[in-house]
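Colleague: Before we look at anything, could you take me through the features one at a time, giving the general idea before each case? I would like to learn how to read such a model with care.

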Amino acid sequence: MSRGSRTTSLNSPLPIDRRSLLRGALGGAGLLLAAPVLDACGKSSASAAGSGSGGGSGQVTFGSDGSDPTPRKAYGALTSAYTTASGNQVRTNVLDHNTFAQQITAYLQGTPEDVVTWFAGYRMQFFAKKNLLHPIDDVWDTIGAGFSDAAKKLSLGLDGKAYFVPLYNYPWGVFYRKSLFQEKGYQPATDWDSFVALCGQMKKDGLSPLAAGFGGGDSWTNLGTFDYLNLRINGYDFHMQLMGGKASWSDPKLAAVMDHWRQIAAFNQAGASGRKWQDAAQSVFDKKSGMTVTGLFMGQAITDETLRDDMDFFAFPSIDPAHGQDAVEAPTDGFVMSAKAKHVDAGKKMLEWIGTAAAETVYANVDPSNVGASTKADTSKYNALQQKAAQMISSAKYITQFGDRDSDPGFISAVVEPGFAQWLASPDDGASTLKKIESQRSQYFTS
Amino acid sequence: MAAGERDGRMRPAKGSGMALIADVTGKNASSQSRTSQRGSRMRLLSVADKAFLAVLIGVPLLALLAFVWLPALASVGISFTQWDGIGLSGLHWVGLQNYKNVFTNYPPFWPAVEHNIIWMVFTALVPTPAGIFLAYQLDRKIRFSRVYQMAIFLPVVLSTAVVGFIWEIVYDPDHGLLNSALGTNNPSGKHYIDWLGDPHLNLWAVLVASAWRHTGYVMILYLAGLKSVDPSLREAAAIDGANGRQTFLRVIVPAMKPINVTIIVVTVMESLRAFDMVYVLSGNNGSKQGLELLSLLITNNTVGESPRPGYGSALATVLLVVSMAAIVTFLVQNFRKERQA
C-alpha cells in the first residue's frame, strides 16, 4: 500500500484519509469473500460523453484506483477524451485507492474490469506470472515508438511479453527550498563527502539537516534512502537481484550500505518514528529542516502555492564513481489488462490510445504532480520542477521503481520496513538487522 | 467477623437475590415442572410446530456453522499450507512449517505475545477496577451523577478507531496537545517526547488511550448491575452492622456475580482482540516496534498485495487457541463453582 497511501494522503484532508485507509484494510480482511464486495463498493458510472449506445462492440470497462479528487478527475478526463476520440463507451468503476491495492489478488480472480490501473515492474510481473493479466504485445507494436527502452523494459513480464502501458512517473531525489540554500550559502551536493559535510553544516546552523517522518504507516519512506544508497554503492544489477530475492541480505556489500546510512542517520530529524511524512515535508517548507530524501509528490503537500516555485531538488549524491548517478528511482503508474477481460479487442484499442502522447497530456492537464511517461509527451506546460524531473528520468541509464514495487510487497512491508525503522532508532553496523531480514527472506521468495 | 458468621450471613442474601431474579423472569416456576413434563410436552407438539421449531433452530445453526465454524476450521486447515491466495493450484501442504517459523523465526511474534499479556494485565488492574470504583461512587446518588455518568461513558460510544484518531492528535510529537502542553515539542530540544515512536513508551501511551475508553465501558456495565441489586440486601447488611466497604465487598459484589463474570470475560476479550486503536496509531503496516500485537501480525500476513494466508492462519490459530484456553478455563471453573454452591 505504501506509496499508494501517498496519493491518498495528499488530496484529501487527513482524517478522511486515515479512515479510508482503515476501511481499506478492514475490508481486506474478507480476502476470499472480497471479489463481489469490491465490485459493489465502487461507484459505477458511464463516462460523461457520448451516452446512449450501451453495450456496443467498442464498449470497454475500466477499473480505476483513482479515488482521490485529483486522480479521479484526471482519469475522468482521460476516459471522456477517449470516448470523444474513438466513439467507444467506457464504463468506469472507481475503487478506493488503498482497498484496491489490498484486494488486488481477489479482484483479478473475481470479475475485474477490462482495463485496470496498476504499477510497473515486479508488482505487475508477479500477477503476469500468475496468469492474471492479459499480454498486450500487439498494443506495444503500435505505441512502442513513443517510449524509451527503460519504460519498455518496465512493461515486460518475466516471460518477455508486454503487459503494461505506462502513464506517468515521478522521480525521487533530495528536495530543498532554494531560498534557504541561498540564504545560508549551501550548494547541492553531488558526491558523498560534500553531502555529509552539508548535513553537518546545517546541523551547526541549528537546522534538522534531513527531515524525516516514518510514523503512522509511513515506514516505506525509508526505502528511498536505502534504495539510493544501494544503487550508488553496489549498482543497479545487485540492487535488482536483492529486490527480486535472488541475493542474500547478509551479503557484505550491504554492510557498506548500512555504514553509509549510519553516517547520515545521525542527521535525521528527531522523533521521525512518530511523525508522518507530510509533517516532515512541512518542516522543510517551514525552513526548520534543510532537505529531505523524497519523491516529486512532496509538492502535493504544499498548502501555500507561493512555495511551489521555491522548491528544488538534486539527484542523490554519487558514492562509487563506477555507478555515479546512473540510476533514478522513478515509480511508474499505468494500466494493465486483466486476464478475465470481457472486451479484449476494445480494451486493447483503449490501451493503444492511452499510450499516445496526446492521452498523457489530457491526464497531465488535470494532475500536474507527475511527469508523462511517453518521450513524446508535451512538456511545454510543465512547471520548472516537472521539467527538471522529466530531464532527470530521460537521462537515466537505469530506472528503478521503489523498494516495495521492485520486490515482494509482503516481504518489504512485513520484514524490511520494520527492520529499518527499528534500526534507525539506534543505528549500529546493521549486521543483526540484515541477518534478521535474511533469515525471513526464504519464506517469501519460494518459487 | 468469623468465617462461619460471614458465610451464614451471605447465604440467605445470595439466595434471596437469585430468587428475586428468578421470580422476575418467571423461570423458577417453569424449571421445576419442565423435567416432569418434557416427555408429554413433545407429544403435544403438532407436526407443523415441530417443523417450525426445526426451522427456527436449524437456520441459525446452519448460519453459525457456515459463517463461524467452517471459516474457523478452514483457517486452521490453511495454517498447515503455504499459499499465495491465487487459485488452489498454488496450495502446498507444509505441515508444521508455518508454526515453526512463527515460533522460531519471526522477530515480532514474541514481543506481540508479551504486549498482549501486558495489555490484559494492565486492563484488568487499572481501567477495570477504576470503572468499578466510578460505578460505585455514581451509584451513591451524588449531585450531577447523570452528567458524570455521561461524560465517562462518552468514549465508549466512539468506535475504537475514532478513539485512536483522537489520541493520535493528542500524542503528535510536533503539534500534539500533550507535547505542546509539556513544552516538549521541539525536535532539536533536550526533552523531546516521541509518544508513539519511542518503543519503550508507545505501548503505555496506547494503553492510556485504551483505558480511557475501557473505564467507561466497565463503569456502565457495573452501574447497570448495581441498579438491579435488591435494596433490601443493603438494608439487611446495614441492620447487621456492616459498614460501606464491607457491604460492597461482601454483599454487593457476590450478589452481582453474573455482571462480574461478564466484566472479566469482556476484559480478557478486549485485550486479546485489541487491534483497531493500535492499527490507527501505528499505521497500516502495523508491526511498529513496541506496538506489535497478535491481531496486527495476523492482518499483516493475510491482507495485502501479496498475502500469505497460510502463515497468517497459523498466527490466527495460535491466537484462537490462547483465547479459547483463557475463556473456556474461566467459564468451566466458574460454572463448576456455581454447581457446587
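This is a predicted model: local features need pLDDT of at least 70, side-chain atom pairs count only at pLDDT 80 or more; totals for chains, interfaces and linings use all residues.

Colleague: Is Asn131(A) buried or exposed?

Modeller: The cut-off for exposed is a relative accessible area over 50%. Asn131(A) has a relative accessible area of 61%, and therefore it is exposed.

Colleague: What is the phi of Phe144(B), and where is its place in chain B?

Modeller: Phe144(B) has a positive phi of about 60 degrees, although it is not a glycine, and its place is in the loop between helix 6 (127-138) and helix 7 (145-157) of chain B. With a relative accessibility of 53%, Phe144(B) counts as exposed.

Colleague: How is Ala242(B) placed, and which residues is it in contact with?

Modeller: Ala242(B) lies in the loop between helix 11 (231-239) and helix 12 (244-255) of chain B, where a relative accessibility of 22% makes it partly exposed. Once its neighbours within four places in sequence are left aside, Ala242(B) is in contact with Ala237(B) and Thr247(B). As for distance along the chain, Ala242(B) and Pro254(B) are twelve residues apart, and their C-alpha atoms are separated by 15 Å.

Colleague: Which parts of chain A does the pair of Phe175(A) and Phe313(A) tie together?

Modeller: Phe175(A) lies in strand 6 (residues 172-177) and Phe313(A) in strand 9 (residues 311-314) of chain A, so the pair ties together parts that are 138 residues apart in sequence. Both Phe175(A) and Phe313(A) are buried. The ring of Phe313(A) also has the charged end of Lys388(A) sitting over it, 5.3 Å from its centre. In chain B, the charged end of Arg308(B) sits over the ring of Tyr311(B), at 4.0 Å from the ring centre.

Colleague: Which residues do ring pairs link into a cluster?

Modeller: The cluster linked by ring pairs includes Tyr176(A), Phe181(A), Tyr186(A), Trp192(A), Phe195(A), Tyr228(A), Phe314(A) and Phe316(A).

Colleague: Which residues touch the most other members of the largest nonpolar core?

Modeller: That core has 134 residues, and Phe195(A), Trp249(A) and Met291(A) touch the most other members. Its largest share, ten residues, comes from helix 12 (residues 222-243) of chain A. Domain 1 (29-170 + 332-376) and domain 2 (172-329) of chain A both give residues to this core, so it lies between them. A second, separate core has 23 residues, among them Trp167(B), Ala205(B), Leu207(B) and Met277(B).

Colleague: With which residues is Phe195(A) in contact?

Modeller: Apart from neighbours within four places in sequence, Phe195(A) is in contact with Val174(A), Ala189(A), Leu210(A), Ile264(A), Met291(A), Phe314(A) and Pro317(A).

Colleague: How do the two domains of chain A meet, and what area is buried between them?

Modeller: The C-alpha centres of domain 1 and domain 2 of chain A lie 32 Å apart, while the contact takes six residues from domain 1 and six residues from domain 2. The area buried between the two is about 480 Å², and carbon and sulfur atoms give 61% of it.

Colleague: How many helices and strands are there in chain A, and what share of its residues count as buried?

Modeller: Chain A has 20 helices and 13 strands, and 63% of its 447 residues count as buried. Among contacts in chain A between residues at least 6 apart in sequence, 80% join residues at least 24 apart. Ser208(A), in strand 7 (residues 208-210) of chain A, is buried with a relative accessible area of 10%. Leaving aside its neighbours within four places in sequence, Ser208(A) is in contact with Gln269(A), Lys288(A), Ser289(A) and Gly290(A).

Note on methods: Residues are numbered from 1 along each chain as its sequence is written. Chains are lettered from A and ligands numbered from 1 in the order in which they are written. Side-chain values use heavy atoms; hydrogens and water are left out. Helices (H or I, at least four residues) and strands (E, at least two) are DSSP runs, numbered from the N terminus. Buried means under 20% relative accessible area, exposed over 50%, partly exposed in between (1.4 Å probe, protein chains only). Rings of Phe, Tyr and Trp (its six-membered ring) pair if their centres lie within 6.5 Å; planes under 30 degrees apart count as stacked, over 60 as edge-to-face and the rest as tilted. A charge sits over a ring if NZ of Lys or CZ of Arg is within 6 Å of the ring centre and within 35 degrees of the ring normal. Contact means heavy atoms within 4.5 Å. A nonpolar core is a set of buried Ala, Val, Leu, Ile, Met, Phe, Trp, Tyr and Cys residues joined through side-chain atoms within 4.5 Å. Domain bounds come from an automatic or database domain assignment. Buried area is the accessible area (1.4 Å probe) that two parts lose on being put together, summed over both.
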